[in-house]
Amino acid sequence: MLRASGICKSYGKRRIIEQAEFFAGRGSCVGVVGANGCGKTTLLSILAGTRKADRGSVKIDGEEALGHPSVFARNVAYVPQENPLMEEIISSCGTGEIKSR
């Protein structure tokens with residue numbers, strides 16, 4: 001189970017996320033939708049532990065994760081929107097080998 005509460009994130013004086021609340025039960029599939037620039041990627045990055053929130057709480061199975069990288073490491077896998085390895089992985093599928101650079 002993933003529960004986020006009171007998540008806030010700003011860049012300078014621009015508030016990107018203010019008091020976001022989020023819950024996803026075990027085995028559920030959740031979509032995050034919104035207009036361009038509304039903070040979807042920032043929220044997902046915070047929930048994955050790759051970006052720090054200014055305030056708030058992220059609990060995974062009841063254990064606080066913000067400020068505790070090991071909790072994220074044990075419980076979260078995240079593929080960012082721009083994955084530099086994805087093209088290489090896709091192009092190597094079917095060849096049985098991974099290309100080296």
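Biologist: How do β3 and β4 pair, and over how many bridges?
Modeller: This is a predicted model. In it, β3, residues 55-60, pairs with β4 in the antiparallel sense, over two bridges.

Biologist: Which residue in β4 is the bridge partner of Lys-59?
Modeller: Glu-64.

Biologist: And what sits between β3 and β4?
Modeller: Two residues; the strands form a hairpin. Asp-61 is in the turn, and its phi is positive, about 50 degrees.

Biologist: What about β1 and β3, how many bridges there?
Modeller: Five bridges join them, and the two strands run antiparallel. Within β3, Val-58 stands opposite Ala-4.

Biologist: Zoom out. What is the strand order in the sheet?
Modeller: β2-β1-β3-β4. That is an open sheet of four strands with antiparallel pairing.

Biologist: Which strands are at the edges?
Modeller: β2, residues 14-24, and β4, residues 63-64. Each of them pairs on one side only.

Biologist: Switching to helices. Which strands does α1 lie across?
Modeller: Helix α1, residues 40-48, lies across β1, β2 and β3. Relative to β1, residues 2-11, α1 runs at about 125 degrees.

Biologist: I'm curious about Ser-45. Where is it?
Modeller: In helix α1.

Biologist: Is Ser-45 buried or exposed, and why do you call it that?
Modeller: Ser-45 is buried, because its relative accessible area is 5%, and the cut-off for buried is under 20%.

Biologist: What does Ser-45 touch?
Modeller: Leaving out residues up to four places away in sequence, Ser-45 touches Thr-50, Arg-51 and Tyr-78.

Notes. Residues numbered from 1 in each chain as written. Predicted model: local features only at pLDDT ≥ 70, side-chain atom pairs only at ≥ 80, totals over all residues. Heavy atoms only, no water. Pairing = 2+ DSSP bridges. Contact = heavy atoms within 4.5 Å. Axes fitted to C-alpha atoms, helices over the stretch in contact; angles between N-to-C directions. Buried < 20%, exposed > 50% of the residue type's maximum accessible area, 1.4 Å probe, protein only.
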